[in-house]
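Here's a quick briefing to read with the model open on your screen. Take a look at the fold first, then work through the notes below.

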Amino acid sequence: MNILLINGSPKGRASNSLRLAEAFLEGYTSAVPEAKIEQIDLKGKRVEPCRGCFGCWCKTPGRCIIDDDMPELLEKRIRADLVVWSFPLYFFNVPGPLKNFIDRQLPMALPFMAENTDGTGSGSHPMRYDMEGQHHVLISTCGFYSAEKNYDSVCSMFDHFCGKGKYETIFCGQGELFHVKELSQRTDEYLSLCRRAGQEFAADRISAETKAELARLLLPKQVFETMADASWGVDRETGEKESGALSFTRQMAALYNKASYDGQDRVLEMHYTDLGETYQILLEREGSRVLPRPEKPFTTRIETPFTLWQQIAAGEIRGDAALMEQKYRVKGDFSLMIHWDRFFGSAEAKEEPVRAEKPGKKPPQLLFLLLSWMALWIGLSIASPAGVAAALAFILLLPVLTIRFERTVYDTLSSAITALLCGLALFTGKTGLALCLSYPAFGLLWLLSCCTREPLCAAYVKYGYGGDRALSNPIFMRTNYILAAGWGILYLLIGAAMPLLQRAGRMGLGQILIYGLTALMGLFTAWFQNWYPAHVARGTDR
Ligand SMILES: Cc1cc2nc3c(=O)[nH]c(=O)nc-3n(C[C@H](O)[C@H](O)[C@H](O)COP(=O)(O)O)c2cc1C
């Protein structure tokens with residue numbers, strides 16, 4: 001199996017289309033490892049335009065009189081079992097060098113007139129060689145948002161010389177996105193589809209499902225067009241070159257996902273410290289707008305060297321890690337940073353709720369863990385066997401009642417510890433002892449979780465911050481370690497105070513202390529989890 005890959009892009013190996021063609025052939029050769037690929041980059045070849053002398057038909061039949069690289073290339077073209085044509089769309093057709101190559105295929109045909117049988121024109125020429133078994137695949141990117149209707153004249157030309165319906169196509173709009181590192185997640189997805197198409201083609205044909213996915217836009221029309229317009233770095237009104245940072249800010253603004261709008265208009269101010277330039281992005285219900293001069297009070301201001309922000313956008317540096325290392329600063333409302341992926345993530349995707357690990361289950365809930373402890377404390381405070389038995393029944397039933405929710409190791413440990421303490425109280429009648437043990441046990445659960453890679457609160461809260469991805473966010477992790485340690489220490493202290501209060505007969509005061517301190521710690525947690533990341537981001541955590 002000889003495959004000829006003809007790269008007709010004037011950009012040579014830097015071609016966007018070529019990336020798709022290479023992915024397609026990767027898929028193909030994974031299914032047909034013995035296939036041999038030969039690549040022609042027309043950019044480096046001498047292929048002069050046809051002179052129209054018909055010498056190849058009469059003077060030297062089958063051979064062109066021009067002395068350039070074409071005779072050698074034509075031989076490969078004739079011998080190939082599969083020809084993959086990779087090219088950009090230029091003025092709704094193939095680029096000039098490829099058109100020259102196509103014109104110079106004339107020696108492959110005999111001069112005689114023949115009937116055209118597939119209705120593509122008024123005549124044809126018989127082929128000089130038997131090329132009936134040859135297959136063709138056209139792979140091309142174009143610059144508009146969609147490939148639809150842009151390839152009519154390309155197809156019309158290939159219909160004539162390959163035969164109508166006798167070739168496969170992959171045409172992709174938004175081609176220039178294939179070299180934008182910031183969007184590699186989406187373009188890599190497309191390249192995997194090309195790989196799949198290659199595999200399927202090797203087996204038989206590209207499936208309708210793969211074709212439908214290949215036809216999906218890389219980015220929504222409006223997002224792409226705004227980004228594309230911004231990428232030229234030229235002012236729309238004056239046509240003059242504008243600042244690179246401004247054009248970068250415009251492209252970032254284009255990625256704003258308006259589905260993330262939560263009822264609050266935001267002003268994101270970008271201050272590039274190394275350039276001394278400041279721009280504002282208005283994030284509104286209708287979309288985003290860039291103000292080249294700050295006009296409004298900011299909601300969130302990011303102070304960053306331009307080069308650093310470019311690296312973050314390109315995925316070369318993690319934004320959260322850089323923030324933790326205080327390589328840039330954030331002022332004002334920090335919630336935008338916490339939900340950055342929702343605001344500026346793949347513009348097509350709405351924020352998908354992060355699924356629990358087990359299919360069909362909802363994310364675990366900290367409330368359910370707390371319920372088993374509260375049941376224990378209420379049961380033990382009632383201090384009657386019936387109360388403790390009711391608490392035990394509730395604790396044992398809880399996993400069944402919450403069957404639709406994922407359970408964490410902390411849920412399991414809590415069920416086990418609280419059930420054991422109920423058992424202790426029931427069988428020994430020592431409810432006071434069980435109560436005294438319960439507080440340090442609860443405290444130790446929190447504190448020991450700080451020795452793991454997922455402190456107790458993080459195991460629940462992470463689902464609101466991108467799931468397991470949050471575990472590699474240093475700010476998220478530090479916040480949760482501090483909070484878990486705080487809760488642990490609080491309950492160890494309560495555990496130490498309880499026997500003393502019991503002995504002094506001041507259990508009433510003890511209860512007030514417990515509920516009061518727990519409520520205070522709850523309020524502190526709610527405040528701290530927003531304040532601490534913002535505090536780090538302001539650059540004051542030195
Ligand atoms: C001279 C020229 C003409 C172009 N004509 C079109 C066109 O007619 N339609 C279109 O959608 N894109 C057009 N484009 C954009 C290219 O098709 C697009 O940038 C493509 O992704 C480049 O692919 P390549 O990297 O494989 O060369 C044109 C680009 C150039 C330079």
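In which sense do S6 and strand S9 pair, and over how many bridges? The two run parallel, with five bridges between S6 and S9 (residues 300-304). Keep in mind that this is a predicted model.

**Overall build**

- The protein contains 19 helices and ten strands.
- Its radius of gyration is 34 Å, whereas a compact globule of 542 residues would come in near 24 Å.
- Along the principal axes, the C-alpha atoms take up a box of roughly 120 × 55 × 35 Å.
- Buried residues make up 47% of the 542 in the protein.

- Strand S6 covers residues 266-272, and seven of its seven residues are buried, so the rest of the structure largely encloses it.
- In a regular strand, side chains alternate between the two faces of the sheet.
- For S6, both faces are covered. One side carries Arg266, Leu268, Met270 and Tyr272, the other has Val267, Glu269 and His271, and all of them are buried.
- Leu268 is a handy landmark here: Ile281 stands opposite it in S7, and Thr300 is its bridge partner in S9.
- S6 and S7 form a hairpin with four residues between the strands, and Gly276 in that hairpin has a positive phi near 70°.

**The ligand site**

- The ligand has 17 residues around it, and the closest are Lys11, Ser15, Asn16, Ser17 and Glu176.
- By type, that shell splits into seven nonpolar, eight polar and two charged residues.
- Where does the protein reach the ligand's oxygen atoms? Through side-chain N or O atoms, Lys11 comes to 2.6 Å from a ligand oxygen and Ser9 to 2.7 Å. Phe144 uses a backbone N or O atom instead, 3.0 Å from an oxygen of the ligand.
- On its own the ligand would expose 640 Å², and the protein buries 80% of that.
- Ser17, one of the closest residues to the ligand, sits in helix H1 (residues 16-31).
- Is Ser17 buried or exposed? Its relative accessible area is 1%, so Ser17 counts as buried.
- The side chain of Ser17 also makes a polar contact of 2.9 Å with the side chain of Thr141.

**Two backbone angles to check**

- Phe54 is not a glycine, yet its phi is positive, at about 60°. You'll find Phe54 in the loop between strand S2 (36-41) and helix H2 (70-79).
- Phe54 is partly exposed, with 43% relative accessible area.
- Gln174 is another residue other than glycine with a positive phi, near 60°. Gln174 belongs to the loop between strand S5 (167-172) and helix H5 (184-203).

Methods. Residues numbered from 1 in each chain as written. Heavy atoms only, no water. Buried < 20%, exposed > 50% of the residue type's maximum accessible area, 1.4 Å probe, protein only. Pairing = 2+ DSSP bridges. Near = heavy atom within 4 Å. Polar contact = N/O pair within 3.5 Å; in protein donor to acceptor, adjacent residues only side chain to side chain. Areas by Shrake-Rupley, 256 points an atom, 1.4 Å probe, with all protein chains shown as cover. Nonpolar A, V, L, I, M, F, W, Y, C, P; charged D, E, K, R; others polar. Rg over C-alpha atoms; globule rule 2.2 N^0.38 Å.
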